[in-house]
Amino acid sequence: MTKRIFITFTLIGATLGSLLAQKPQMLIEKADKLYTEGKYQDAISNYEAVVGQGLQNAELYYNLGNAYFKIKNIPAAILNFERAHLLNPDDEDIQFNLDLARTYTVDKIEVLPEFFLVSFVKGFRNWFSSNSWAYIALISFALVLSLALFFWFSRSFEIRRYAFGVAVFLSMIFVVSLVFSINQKNQVVKRNSAIVFAPVVSAKSSPDESGKDLFILHAGTKVELIRPVGEWCEVKIADGNKGWIPKTSFQKI
Amino acid sequence: MIRKLLIIALVFISSVAVAQNAAIEAYAPNVVELGEQFRLTYTLTARPTSFNPPAIADFDVIAGPSTSSSTSIEMINGKVTQTQSYTYTYILEATKEGKFTIDAAEATINDDKIKSNSLSIEVVKGSTNTRQNNPQSTKQQINGAELPNDELFVTVETNKKTAYVGEPIEATIKIYTRVGIAGFEEAKFPTFDGFWSQEIATEQNISFQRTNINGKIYNVGVIRKYLLFPQQKDKLEIPPFELVVVYQARTSRSQSIFDEFFGGGFENYRKRLVSKPLAVNVKQLPNNAPESFIGAVGAYKIDASTDKTKLKTNEAVTVKLKISGTGNLKLIGTPKVEFPAGFELFDPKVSDNINTTANNISGAKTIEYIAIPRSAGTFEIPPVEFTYFDLKKESYVTLRSKAMPIEVLADSTVASGVMITGYNKEDVKFIGKDIRFIKTSHSKLRPINSFVVTSGVYVFIYIILIIAFLAFWYLYSKHREQMTDLSIVRTRKANKTAQKRLKEASIMLNQDNAEKFYEEIHKALWGYTADKLSIPISSLNSDRVKDELASRGVDGIDIQEFIRIIDECEFARFAPNREHSQMDALYEATYTLISKLEQTLGKAKSNLW
């Protein structure tokens with residue numbers, strides 16, 4: 001028994017040592033392979049090693065979420081799917097797996113209906129990721145500039161008229177995509193939502209153990225963080241209710 | 001006393017009377033007190049020709065061997081069976097403490113040499129009142145109504161204190177007594193909450209065995225035995241067992257000497273006995289259970305087979321899965337058999353064949369899965385997976401049966417001649433729900449919180465674009481300004497230059513220099529148009545000039561005039577002999593044309609951006 005433990009530890013030590021030395025791309029390839037072979041725990045440690053190096057992309061979080069899902073760690077799976085979704089909001093697979101993982105959570109919260117225009121804009125914004133919007137903004141800006149040149153220097157009245165119209169349209173696109181790009185970036189950077197990790201946590205009316213219990217949250221539920229006070233944080237759930245839960249009970253997306 | 005012994009002897013003898021041919025059995029109590037007299041008996045099933053008892057060194061032989069024989073004849077439905085038994089009885093006395101062995105006795109019956117079992121007897125110091133020939137005699141000292149608790153008690157004992165979920169635990173309810181028991185009343189058996197319990201069949205009558213506890217000899221009887229399978233991870237409490245015992249003890253009333261002599265003077269008393277509560281620590285099974293784990297704990301084998309390998313559509317095929325082994329067989333669910341698509345499944349039929357043995361449950365569970373193939377083809381039922389938790393290895397073991405090929409032939413009776421089109425179209429069946437597979441193509445890894453929109457390069461590209469835009473704008477407008485200036489000057493000077501050339505031409509006309517005259521007229525007209533239209537002379541030709549003039553609103557007649565003059569000049573330059581009057585007319589025409597053009601083009605100039 002002790003011998004077995006010793007071997008396990010040396011193995012873990014050896015893999016950890018080799019992990020640190022490996023390139024992230026190699027690690028991901030290895031993890032993908034381990035996942036395919038069904039060794040989810042090993043795949044997770046490889047993916048996490050890459051995340052630990054401060055690197056990220058949507059696929060990495062997606063695969064990590066999948067591996068967590070396979071070992072039935074639903075909160076961690078949801079957390080990683082949410083992260084992947086933030087980085088790549090228009091990916092259908094990410095959305096699918098996120099929705100599926102959410103069906104395994106305990107809490108069923110009535111989502112407050114959103115004003116249709118807001119959800120329309122949000123849907124439009126989620127067509128592309130922050131970076132794609134940034135590139136769209138850049139291209140449309142370049143086009144606006146060249147159209148401006150046409151407008152100023154063309155002798156033909158027709159050309160000038162069209163150039164003006166298209167330039168106005170493109171500058172609108174430029175502004176919108178720049179705003180969307182920054183907006184999406186802020187969502188990722190600000191990290192103002194979180195996933196509950198504690199199996200059960202009761203939301204209190206004040207940031208204090210003595211506060212009155214308002215409602216109970218279970219692992220896997222997404223909450224919006226409003227303000228932290230000490231070891232507590234005020235959170236808002238999807239139906240609009242607010243309460244205070246300890247900081248240790250959730251993980252930021 | 002004697003009566004009692006006699007009864008015991010009789011009961012004993014009758015119980016061995018049914019023994020098989022030629023056997024010898026030794027019997028003695030396994031625990032005796034120091035100084036106690038007890039019986040050692042050898043019971044044979046037939047009269048021996050010789051009997052060699054072992055040497056008895058550790059005990060004093062007080063009497064014996066005395067022989068007795070009994071014969072019993074049974075007649076059942078006219079069939080007569082006769083059993084005989086011969087008994088050699090010794091009365092021994094224990095003289096020293098310790099554990100002793102009495103070797104086997106040998107006997108010869110019908111020329112067969114047989115050996116008895118050897119006995120081991122423990123001699124203990126015994127209670128305060130030694131030198132009594134029977135531990136039960138202590139009751140004579142006890143006042144019946146006030147029996148101490150350690151004289152008579154019940155226990156619930158388990159063979160282990162910690163167990164995994166699903167690991168069998170043997171629980172025994174025992175009664176320990178040092179007094180005579182007349183009967184039981186009102187037994188309240190524990191409810192084994194959190195366990196699945198299975199009673200093990202015990203003897204109908206409780207048979208007492210002697211045992212030594214802390215130097216005291218008790219008669220121990222097993223009341224009931226259970227096999228418990230813990231169902232949940234916890235510290236599970238087994239509630240106490242309660243029993244009202246009727247026991248015999250000496251009456252507190254005064255008695256006559258005759259009563260005592262005849263073994264009387266005893267009375268029945270009741271006492272409620274409660275066992276101590278007991279807790280079992282139940283451990284959770286390890287977390288890494290494979291998917292095919294359905295609660296089986298123990299040691300199992302599986303065997304899967306189909307009743308046929310070739311069948312027609314709409315005929316039933318049965319897959320028989322037999323799980324055999326020991327463990328919590330009754331608590332195992334049904335493993336999943338993945339039938340190929342197109343098989344209609346029915347509820348599996350489960351039958352158990354289970355034996356409860358002393359310390360576990362063993363047997364087999366047969367699960368029959370009935371399926372009906374609805375489409376023809378060659379199918380394979382994939383291997384059935386079954387996982388159990390092996391208690392010895394403390395790990396999960398996954399068993400896998402063989403894959404079972406099935407060939408399904410089309411059922412000719414149904415399909416013949418009838419073309420079913422779209423009749424039984426099926427919706428796409430969603431059999432399972434699972435997450436989608438991982439992404440195998442990866443985009444570039446970026447450091448966390450690095451975004452294009454706020455990166456320096458991104459902003460820099462904007463700056464470059466603006467700079468390029470401004471630079472282009474500045475340079476182009478500059479160039480344009482220059483170009484405009486130049487053409488304005490040229491346009492303004494066009495008329496003057498033309499007038500100068502015309503004056504030159506009139507001089508040539510007066511000198512009658514025809515060649516020079518035509519040259520000057522030609523130059524004047526070309527130069528004027530070139531300057532006016534801001535076209536370099538090198539790229540001028542009559543077609544282009546025609547188009548340009550027409551686009552600036554010059555009359556068609558004037559253009560024709562222009563072409564006519566140019567043609568005439570060019571023609572005259574190669575055939576210069578012309579009359580003076582002709583030259584004069586040309587001069588006039590040119591002059592008129594230029595002034596006309598000057599009027600039209602001068603007006604058109606304002607339209608120029």
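# Strand pairing, helix packing and the A–B contact

Strand S1 of chain B and strand S3 (residues 37-44) of chain B pair in the antiparallel sense over four bridges. Helices (H or I, at least four residues) and strands (E, at least two) are DSSP runs, numbered from the N terminus, and two strands pair if DSSP finds at least two bridges between them. The model is a predicted one, in which local features need pLDDT of at least 70 and side-chain atom pairs count only at pLDDT 80 or more, while totals for chains, interfaces and linings use all residues. Residues are numbered from 1 along each chain as its sequence is written, and chains are lettered from A and ligands numbered from 1 in the order in which they are written.

**Confidence and overall content**

The predictor assigns the complex an ipTM of 0.71 and a pTM of 0.42. For chain B, the mean pLDDT is 78, with 85% of the residues at 70 or more; pLDDT is the predictor's confidence in each residue, from 0 to 100. Residues 128-141 of chain B have a pLDDT below 50, and this stretch has 20 contacts in the model beyond near neighbours in sequence. The pLDDT is also below 50 over residues 415-422 of chain B, where the model shows one contact beyond near neighbours in sequence. Two residues are in contact if their C-beta atoms, placed from the backbone, lie within 7 Å.

Chain B contains eight helices and 32 strands. Of its 609 residues, 24% count as buried. A residue is buried if 20 or more other C-beta atoms lie within 10 Å of its own, exposed if 12 or fewer, and partly exposed in between, with C-beta atoms placed from the backbone. Among contacts in chain B with a separation of 6 or more, 75% are accounted for by residues 24 or more positions apart.

**Sheets of chain B**

S1(B) and S3(B) belong to an open sheet of four strands with antiparallel pairing, in the order S1-S3-S6-S5. Its edge strands, each pairing on one side only, are S1 (24-27) and S5 (59-76) of chain B. Direction ignored, neighbouring strands of this sheet are turned by 15 degrees against each other on average. B:Ile24 stands opposite B:Leu44 in S3(B). Within S6(B), B:Tyr88 stands opposite B:Tyr42, and B:Tyr88 is also the bridge partner of B:Thr67. The hairpin of S5(B) and S6(B) has two residues between the strands, and B:Asn77 takes a positive phi near 50 degrees there.

An open sheet of three strands has the order S23-S31-S28 in chain B, with mixed pairing. Strands S23 (310-312) and S28 (377-381) of chain B form its edges, each pairing on one side only. The twist averages 30 degrees from one strand to the next. B:Glu407 in S31(B) is the bridge partner of B:Thr378.

| Strand pair | Bridges | Sense |
|---|---|---|
| S3(B) and S6(B) (residues 79-94) | eight bridges | antiparallel |
| S5(B) and S6(B) | 15 bridges | antiparallel |
| S28(B) and S31(B) (residues 404-409) | five bridges | antiparallel |
| S1(A) (residues 55-56) and S32(B) | two bridges | antiparallel |

**Helix packing**

Helices H4 (residues 456-510) and H5 (residues 514-533) of chain B pack at an angle of about 175 degrees, and their axes are 8 Å apart. Axes are lines fitted to C-alpha atoms, for helices over the stretch in contact, and angles run from 0 to 180 degrees between N-to-C directions. H4(B) and H5(B) are therefore roughly antiparallel to each other, where angles under 35 degrees count as roughly parallel, over 145 as roughly antiparallel, 65 to 115 as roughly perpendicular and the rest as oblique. Residues of H4(B) in this contact include B:Arg490, B:Ala494, B:Leu502 and B:Leu509, and those of H5(B) include B:Phe517, B:Ile521, B:Ala524 and B:Tyr528. By class, the contact of H4(B) with H5(B) has 10 nonpolar, three polar and nine charged residues. Here Ala, Val, Leu, Ile, Met, Phe, Trp, Tyr, Cys and Pro count as nonpolar, Asp, Glu, Lys and Arg as charged, and the others, Gly among them, as polar.

**Contact between the chains**

In the contact of the two chains, 27 residues of chain B meet 35 residues of chain A. On the side of chain B that touches chain A, the elements giving two or more residues are S32 (446-447) and H4 of chain B. H4(B) provides the largest share of that side, eight residues. The side of chain B that touches chain A comprises 17 nonpolar, five polar and five charged residues. B:Arg446 in S32(B) is the bridge partner of A:Gln56.
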